[in-house]
Amino acid sequence: RSDRIEAELEILRSDAELAGLFLVEALDHLSSIEAVVLQLEATPADTGLLNDLFRPFHTIKGNAGALGVTSVQELAHQVENLLDRCRAGKHPFGAPEADMVLKAVDVLTAIMKDIERRLAGGAGQELEAARVDVLIIVTALLEDGPTEAVPSTRDASPAAVTLEPVEESVGDVTGAAPAATPVIAPPVTVPAATSGPAPSIGSPDRPEPSNRPTQPPAPVPSAGVPSPAVAVAPRRADEGQQATVKVETRKLDNLIDMVGELVIAQSIIQEHPALAGQLHGSLARQLGQLKRITSDLQRNAMSMRMVPIRQTFQKMARLVRDLSKKSGKSVDLVLHGEETELDRRMVEELNDPLMHMVRNSVDHGIEPSDARRAAGKSGTGQLTLSAYHQGGSVVIAIADDGGGLKADRILAKARAQGLVGEHQTLTTGEIHQLIFKPGFSTAEQITEISGRGVGMDVVRRNIEALRGRVDIQSEVGQGTTFFIKLPLTLAILDGLIVTVGAERYVLPVFSVRESFRPTPDQ
């Protein structure tokens with residue numbers, strides 16, 4: 001196994017650019033597969049969805065084979081064989097097949113990230129046992145073996161795939177040592193100036209790595225599903241395609257920084273005291289034209305940083321599915337506003353806090369089916385994720401129709417822990433905010449999902465680091481809603497300059513509620 005890994009890495013090191021493109025494209029395809037599987041579980045007879053599931057595995061297999069990454073090629077090929085039988089109607093697609101595909105996605109994603117770490121000089125992870133485990137499951141399904149559901153990789157042993165608990169991954173954002181920087185920065189997808197399909201590396205139909213050419217294979221049109229940065233649902237044949245190019249985020253961030261400096265320099269010139277009251281008509285018009293151009297350039301550059309929150313919401317759909325099975329609760333996830341855009345960095349930083357809050361909603365918020373029916377509710381709980389713009393901010397709401405926060409119980413626990421004085425009085429909102437205190441938990445028992453009292457304080461700390469805040473609305477017996485309010489972007493912002501005495505201050509424009517000119521009597 002180690003010899004094969006080194007051989008694969010040696011091939012990828014020979015062309016770092018091609019290796020980076022392979023890894024990024026493969027991770028794009030893998031992230032899009034989850035959404036298709038969740039749809040296919042609801043409509044297993046949909047051949048269109050089966051085709052959308054088959055194509056990304058076919059593309060990953062072909063690209064891996066062209067580059068000599070045989071571990072990925074072999075696994076993707078076996079999954080592709082099973083999906084091909086399902087497409088032909090020779091094998092039914094049910095719960096075991098869905099669980100197997102999701103497990104294969106987890107393992108392939110872990111392999112891709114492991115390759116990325118190794119190429120950057122970091123320590124590798126032992127994933128062969130997990131890979132072989134999936135191959136055994138696929139082979140059994142191909143041979144019409146056992147049909148019982150395959151356990152999710154989140155239930156797998158540490159020797160399989162290591163998926164860190166949310167409490168740990170949230171903490172890593174704030175204090176732990178960062179992982180090794182990938183050799184290729186993850187690119188983002190931006191609209192291209194020309195039309196046509198985005199290129200894919202390698203030849204999807206090349207069967208064996210032994211015939212791999214000395215030079216990198218020529219690009220060919222990708223047969224895979226669209227990148228999640230472009231669309232969530234599988235693209236229909238009658239829908240138009242928007243051409244895109246992939247750009248390293250480092251280059252994009254440098255461009256945004258330079259545009260910000262340009263806007264500031266233009267503003268300094270425009271407001272320079274030497275020009276005040278001395279502008280001729282033509283110079284004033286030219287400065288006005290310069291301001292319009294820099295404003296348009298800033299707006300367009302900022303739009304390149306903005307990405308829809310759809311992909312993050314997609315990950316929550318997979319999480320709710322797994323947690324529902326693990327907890328034995330029936331939970332439906334409803335998504336609203338997946339197209340809402342916000343800064344790319346915020347989308348990345350939001351993943352772990354959202355994941356922890358969703359876990360808490362499923363584990364603590366939504367009651368078991370029997371308890372729900374006894375309370376006159378439907379046996380199936382509902383968790384709603386929403387995103388929308390409000391003023392100069394983006395609001396993300398996590399709402400459940402569970403039992404709600406019990407203020408008296410929270411207050412009693414806080415007093416028992418010494419967080420609140422015996423005779424101190426708090427409003428309902430202040431009591432709700434106590435759940436964000438470090439180590440605080442009202443869970444009656446600790447589960448493998450949550451209940452240790454760690455995580456919510458880190459969630460709030462991470463949200464505040466993004467200049468946001470978390471508000472809570474809850475009604476006993478009806479449910480709880482968490483509102484995460486964030487600024488639209490962390491890049492350059494328009495400001496209002498004010499003078500107080502001899503000091504000058506800049507206030508963010510979106511923070512100004514009202515401006516007026518004081519009268520002498522004021």
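Student: What relative accessibility does Arg13 have, and is Arg13 buried or exposed, or in between?
Tutor: This is a predicted model, in which local features need pLDDT of at least 70, side-chain atom pairs count only at pLDDT 80 or more, and totals for chains, interfaces and linings use all residues. Residues are numbered from 1 along each chain as its sequence is written, and side-chain values use heavy atoms, with hydrogens and water left out. Buried means under 20% relative accessible area, exposed over 50%, and partly exposed in between (1.4 Å probe, protein chains only). Arg13 therefore counts as partly exposed, its relative accessibility being 39%.

Student: Which residue forms a salt bridge with Arg13?
Tutor: A salt bridge requires a side-chain nitrogen of Lys or Arg within 4 Å of a carboxyl oxygen of Asp or Glu. Helices (H or I, at least four residues) and strands (E, at least two) are DSSP runs, numbered from the N terminus. The two partners are three residues apart in helix H1 (residues 2–13), so about one helical turn separates them. With the closest N and O atoms 3.9 Å apart, the partner of Arg13 is Glu10.

Student: Over the ring of which residue does the charged end of Arg87 sit?
Tutor: Arg87 is partly exposed at 33% relative accessible area, and its side chain meets that of Asp84 in a salt bridge of 2.9 Å, N to O. Both residues lie in helix H4 (residues 70–87), three residues apart. A charge sits over a ring if NZ of Lys or CZ of Arg is within 6 Å of the ring centre and within 35 degrees of the ring normal. For Arg87, the distance to the ring centre is 3.7 Å, and the ring is that of Phe54.

Student: Which residues are joined with Arg318 and Asp322 into one network of salt bridges?
Tutor: Asp322 and Arg318 form a salt bridge, their closest N and O atoms being 3.1 Å apart. Asp322 counts as buried at 6% relative accessibility, and Arg318 is buried at 2%. Through salt bridges that share partners, Arg318 and Asp322 are joined with Glu34, Glu41, Asp99, Asp106, Arg321 and Lys325.

Student: Which residue in the turn between E10 and E11 has a positive phi?
Tutor: Within the pairing of these strands, Arg469 stands opposite Lys485 in E11. E10 and E11 form a hairpin with three residues between them. The phi in question is about 85 degrees, and the residue is Gly477.

Student: What is the area of the nonpolar surface patch that includes Tyr505?
Tutor: Patch residues have over 30% relative accessible area and no salt bridge; like charges are joined within 9 Å and nonpolar side chains (Val, Leu, Ile, Met, Phe, Trp, Tyr) within 5 Å. Accessible areas come from the Shrake-Rupley method with a 1.4 Å probe, and for residues only the protein chains shown count as cover. Tyr505 lies in strand E13 and is partly exposed at 42% relative accessibility. Together with Leu496, Val500, Leu507, Val509 and Val512, Tyr505 makes a patch of about 480 Å².

Methods:
Two strands pair if DSSP finds at least two bridges between them.
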